[in-house]
Amino acid sequence: MKILNKAAGVVIFAIGITLTATSCFNRTPKNNDKSYGITDPTMLSTKSFFFAGEIVCIDDQMVMNDCVTGAVFPVADNDVSTLVKREYSSLTSGNNNVPLYARVEGFVRPLEKGAGKTLTITKFQGFDSMNRCSSAHRLTGRYLDRVGDTAVRQISIDLEPDYTFRQITRDVPSGNYGVTEGRWWRLNESVMVFITPGNNDLLATLDWSSMEIRFSENSAFLKK
């Protein structure tokens, strides 16, 4: 399998046909709302996105089990997390270790010491006693192009638990392939954003019933 080119920063390999024609990540996104583009990679450490998961208080430490990735994030202390702790304690009658489903906005950043990341909550949308994390709604994994795959071209997207992604576009006859890497996040329950350094961000909608990521009418990926 022949690799033809390598760019710095984002790993982008050129294949026998141009990625502009084959990759959904090289098209200008249809973004009619506010811009979620990242012009500086350091912005990701303080930019708020949507998270939903089960919050548990262990001793005095609050953690969230992120439903769509399975990652467990310690929650950083701030004014918002203090309010969340108070409501959690009220709903559980002070009984810790009881998982409560919550929707929040915030950002993750590496821990100062050791492996892993911490979640800083910037907005608390509330607890939801009717919901729990479900393995059926885990977004991580491989997605295959539902429309674009042909005998000569195949496209797949891998969503990783650390909110990175890799899109692989294969030219079947030649065996050459191209790779685009970046980060994915959620803006709400059913809208995702895919970000590549030096490129425009791309919005996608998520169909939970079919586990399908839709970039446009003719660009959709089904979970394998």
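Some ground rules come before the tour. Residues are numbered from 1 along each chain as its sequence is written, and side-chain values use heavy atoms, with hydrogens and water left out. Because this is a predicted model, local features need pLDDT of at least 70 and side-chain atom pairs count only at pLDDT 80 or more, while totals for chains, interfaces and linings use all residues.

## The chain as a whole

The protein chain has two helices and 13 strands. Helices (H or I, at least four residues) and strands (E, at least two) are DSSP runs, numbered from the N terminus. Of the 224 residues of the chain, 43% count as buried. Buried means under 20% relative accessible area, exposed means over 50%, and partly exposed lies in between (1.4 Å probe, protein chains only). The chain exposes about 11700 Å², with carbon and sulfur atoms supplying 50% of that area; accessible areas come from the Shrake-Rupley method with a 1.4 Å probe, and for residues only the protein chains shown count as cover.

Contact here means heavy atoms within 4.5 Å. Among contacts in the protein chain with a separation of 6 or more, 52% are between residues 24 or more positions apart.

Back to threonine 120: at 13% relative accessibility, this residue counts as buried. Setting aside neighbours within four places in sequence, threonine 120 is in contact with Ala76, Asn78, Glu105, Gly106 and Phe107.

## The disulfide

How many disulfides does the structure hold? There is one, a disulfide being a pair of cysteine sulfur atoms within 2.5 Å. Cysteine 67 and cysteine 133 form it, with their sulfur atoms 1.9 Å apart. The pair links distant parts of the chain, 66 residues apart: cysteine 67 sits in the loop between strand E2 (61-66) and strand E3 (72-74), and cysteine 133 in the loop between strand E5 (117-127) and strand E6 (141-145). The torsion about the S-S bond of cysteine 67 and cysteine 133 is about -80°, so the disulfide is left-handed.

| Residue | Relative accessibility | Class |
|---|---|---|
| Cysteine 67 | 9% | buried |
| Cysteine 133 | 26% | partly exposed |
| Cysteine 57 | 7% | buried |
| Leucine 202 | 7% | buried |

Leucine 202 has its place in strand E11 (residues 202-207). The C-alpha atoms of leucine 202 and methionine 192 are separated by 8.4 Å, and the two residues are 10 residues apart along the chain.

## Aromatic pairs and the core

A search of the whole structure finds 11 aromatic pairs. Rings of Phe, Tyr and Trp (its six-membered ring) pair if their centres lie within 6.5 Å; planes under 30 degrees apart count as stacked, over 60 as edge-to-face and the rest as tilted.

One of these pairs joins phenylalanine 51 and tryptophan 185, which are edge-to-face at 6.4 Å centre to centre with 75° between the planes. This pair links distant parts of the chain, with phenylalanine 51 in strand E1 (residues 49-58) and tryptophan 185 in strand E9 (residues 176-186), 134 residues apart. Phenylalanine 51 is buried, with a relative accessible area of 0%, and tryptophan 185 is buried at 3%.

Phenylalanine 194 and phenylalanine 215 have ring centres 5.2 Å apart and planes at 55°, so this pair is tilted. Phenylalanine 194 lies in strand E10 (residues 191-195) and phenylalanine 215 in strand E12 (residues 212-216), so the pair ties together parts that are 21 residues apart in sequence. Both phenylalanine 194 and phenylalanine 215 are buried.

Ring pairs also link Phe49, Phe51, Phe73, Tyr163, Trp184 and Trp185 into a cluster. Two of those names, Phe51 and Trp184, return among the residues with the most contacts inside the largest nonpolar core, which has 44 residues. A nonpolar core is a set of buried Ala, Val, Leu, Ile, Met, Phe, Trp, Tyr and Cys residues joined through side-chain atoms within 4.5 Å. Beyond neighbours within four places in sequence, the contacts of tryptophan 184 include Leu139, Leu159, Tyr163 and Phe194.

## Strand E6 and its partners

Two strands pair if DSSP finds at least two bridges between them. E6 and strand E7 (residues 153-159) pair in the antiparallel sense over four bridges, and arginine 142 has aspartate 158 in E7 as its bridge partner. Three bridges join E6 to strand E13 (residues 219-223), and these strands also run antiparallel. Here the bridge partner of aspartate 145 is phenylalanine 221 in E13.
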